[in-house]
Amino acid sequence: MSNIVVIGTGMAGFGAAHRLNAAGVRPVVYDQNGYFGGHTASFRDEASGFLFDLGPHISFTKDPRIQELLARFVNQEFEALQVKLDNYWRGLRLTHPVQLHLNGLPKDLIVEIIADFVKVHDQQEPRIANYEEWLIASYGRRFAELFPMQYTRKYHLTTASNMSTDWLGPRMYRPSLEELLRGALAPWAPEVHYITHFRYPKAGGFLSYLAPFPGLADIRLQHQVVAVDPAARALRFSNGQSIGYGALVSSIPLPVLIPMIAGVPADVIAAAKRLACSTCVLVNVGLDRADLSEGQITYIYDEDICFTRLSFPHMLSATNAPPGCGSIQAEVYFSDKYRPLTQSPEAIIDQVIADLHRCGIVRDSDRILFRGAKIVRHANVIFDLDRSAALATVHGYLDDVGIKYCGRYGDWGYMWTDESFISGERAAEAALTSVSRAA
Ligand SMILES: Cc1cc2nc3c(=O)[nH]c(=O)nc-3n(C[C@H](O)[C@H](O)[C@H](O)COP(=O)(O)OP(=O)(O)OC[C@H]3O[C@@H](n4cnc5c(N)ncnc54)[C@H](O)[C@@H]3O)c2cc1C
C-alpha cells in the first residue's frame, strides 16, 4: 500500500498526501524545487521584511469542509476580509465588475453601451461558438470590445474568438437591463461577484495553509522527474536516481509530463504540445507608504500598460510588510504559444515601475525599498479552441497507462487552490483503489 508516489508539493500534492494519510499511508512526495508549496509558496525578503506569495493567493472556497480544514491548518489564525476589487481603464478607477458600475464612464460611452446592450438583450439567445460570441450576446458589442475582449488579450493572450466558454462558471456576471441601468445612473453596491469574502493566514503568507504538509509526507525536494516508465512502474530523476512505484499520482504540468513517458505515441505528444498556458512574470515592489489602493486587487485593461493585474499584499495581512509600508505585486503575462517571453526580468521590472508611475499608483516622492521578479512558467491554462480535443487525447492516454493526474496542471483546468486540493485527494483515492486491486 505504501508504494504510492506523489509528484508535486503544491495544493494537489498536499491534497493527495492528506487523503493518503487518512488511509494510513505516509507517501513520498517529490518536487523539483528547493522549497515546497508549488504555486502556493511564499517568500520573505529578509533584508527589507516584505513577504510576497507566488502570485496573489487568497482563499475564497465556499466548500465548508475545505474552509474548516484550512482554518485548522493555520490553528484558526486567519484574516477574514471583505473583497475589494476595482478596475483601471484609461486613467479611470471603476468599481468591479464594470458592467454593473458604468456610472464612472464618459456619458456618451454609457449611452452607446446601453444602446448596444438593449439590441442583444431583445434578441433570441444565439448559438454560441466561442467566447467572443458569448461576450457580445451577454453585454453588447461596444462593452465587449472595450472591456472583456481587451482584457482577454492581456490575460489569456489570445483573442476571445479563439477561446471556448467552458471555463466561465460564475466568473463573468451577466447583468439584467435593470441592473445595468441602476449601475449607470449612480454608484451602488450589489453583491453579485462570485467572491465576496476571503481568508488569508494571519502570518507567513498563503504558504502557512500548507504547514501540516511535512508532517503528512516524506517530502523530497530537488528531485526533478525526467522519465516515467509506466510499464515498468519506474521513475527517473535528473540526479540519476531511479525508483519504482506501485501507483503514481502526478501534478506535473501535462506538456512537461507527456514527453517524458516511455513509449508515448506521437499523436499524444502532439496533443500535449497544443495545450496552451500562460507564463506570468510577477514583479514585486515594496514602498515606504501603505495608502496605495482602496482595493486589494485591481484589473488593468489598457494594452499599453504592461501589467494585467495588481494586488497589494500588505492589505491581506499586516505581517506581509514592515509597519507603515506597502507592497505591490504586478502580473505581466506571456505564453509560449501566443506571446513568448523575450525580455529579461530586470527589463520587465523597469517597465512595471514606469507604468505604476503612469497610472499614478507610485509617486515620485515614494521610496522603493524592495524590487524583484519571479517567473511562474505555468500560470493560467488558456482555454483556446484546441484545448478540449487535445486534453481528451492526453487524459485518455494517461488513463490507459494508469498514471493518476491531478491539480491545475494535471487536470489542466481553471482551478483554484481548494479545487486543486480536492483533485489531489481524488487522484490519491484512485491510486489507493488501483494498488488494493493489484494486491
Ligand atoms: C497568478 C495566480 C494567482 C492565483 N490566485 C489564486 C487565488 O487567489 N486563490 C486560489 O484559490 N487559487 C489561485 N490560483 C490557483 C492556484 O495557484 C492553483 O489552483 C494551485 O496552486 C495549483 O496547485 P497544484 O498543486 O495543482 O500545482 P502546483 O502548485 O504548480 O504544484 C505542482 C508541483 O509540481 C512540481 N513539478 C513540476 N514538474 C516537476 C517535475 N518534473 N519533477 C518534480 N516536480 C515537478 C512543481 O515544482 C510544483 O511544486 C492562482 C494561480 C495563479 C497562477
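In this report, Ala, Val, Leu, Ile, Met, Phe, Trp, Tyr, Cys and Pro count as nonpolar, Asp, Glu, Lys and Arg count as charged, and the others, Gly among them, count as polar. The structure is a predicted model, in which local features need pLDDT of at least 70 and side-chain atom pairs count only at pLDDT 80 or more, while totals for chains, interfaces and linings use all residues. Residues are numbered from 1 along each chain as its sequence is written.

## The protein as a whole

The protein contains 14 helices and 19 strands, where helices (H or I, at least four residues) and strands (E, at least two) are DSSP runs numbered from the N terminus. Along the principal axes, its C-alpha atoms fill a box of roughly 70 × 55 × 45 Å. The radius of gyration, taken over C-alpha atoms, can be set against a globule rule of 2.2 Å times the number of residues to the power 0.38. For 439 residues a compact globule would have a value near 22 Å, and the 23 Å of the protein agrees with this.

Of the 439 residues, 44% count as buried; a residue is buried if 20 or more other C-beta atoms lie within 10 Å of its own, exposed if 12 or fewer do, and partly exposed in between, with C-beta atoms placed from the backbone. Two residues are in contact if their C-beta atoms, placed in that way, lie within 7 Å. Among the contacts with a separation of 6 or more, 74% are between residues 24 or more positions apart.

## Domains

An automatic or database domain assignment supplies the domain bounds, and it divides the protein into domain 1 (4-34 + 221-272 + 387-438), domain 2 (43-96 + 193-203 + 278-377) and domain 3 (99-185). The C-alpha centres of domain 2 and domain 3 lie 26 Å apart, and 14 residues of domain 2 are in contact with 13 residues of domain 3. On the side of domain 2 that touches domain 3, strand β7 (residues 92-95) gives the most, with three residues. The residues of that side divide into seven nonpolar, five polar and two charged.

## The shell around the ligand

There are 36 residues around the ligand, and Gly 8, Gly 10, Gly 38, Gly 55 and Gly 407 come nearest; a residue is near a molecule or strand if its C-beta atom, placed from the backbone, lies within 6 Å of it. The shell divides into 15 nonpolar, 18 polar and three charged residues. Domain 1 and domain 2 each provide at least three residues of the shell. At least two residues come from each of α1 (11-22), α13 (408-412) and α14 (417-438), and the largest share, three residues, comes from α1.

The buried residues are Tyr 131, Glu 132, Trp 134, Leu 135, Ile 136, Ser 138 and Tyr 139, and they pack against α3, α5 (141-146) and α6 (148-155). Just after α4, Gly 140 takes a positive phi of about 90°.

In helix α7 (residues 177-185), Leu 180, Gly 183 and Ala 184 are buried. Seen down the axis of α7, these buried residues fall within an arc of 105°, so they line one face of the helix; the arc is that of the directions from the helix axis to the C-beta atoms. They pack against α3 (107-121), whereas the face turned away from the buried side carries the exposed residues Glu 178 and Leu 185.

## Individual residues

Most residues other than glycine have a negative phi, and most peptide bonds are trans. The peptide bond from His 96 to Pro 97 is cis, with omega near -10°, and Pro 97 is found in the loop between β7 and α3. Two residues other than glycine with a positive phi are set out below.

Ser 42 has its place in strand β3 (residues 42-44) and, with 21 C-beta neighbours inside 10 Å, counts as buried. Leaving aside its neighbours within four places in sequence, Ser 42 is in contact with Leu 51, Asp 53, Gly 204, Gly 205, Phe 206 and Leu 207. The C-alpha atoms of Ser 42 and His 57, which stand 15 residues apart along the chain, are separated by 9.6 Å.
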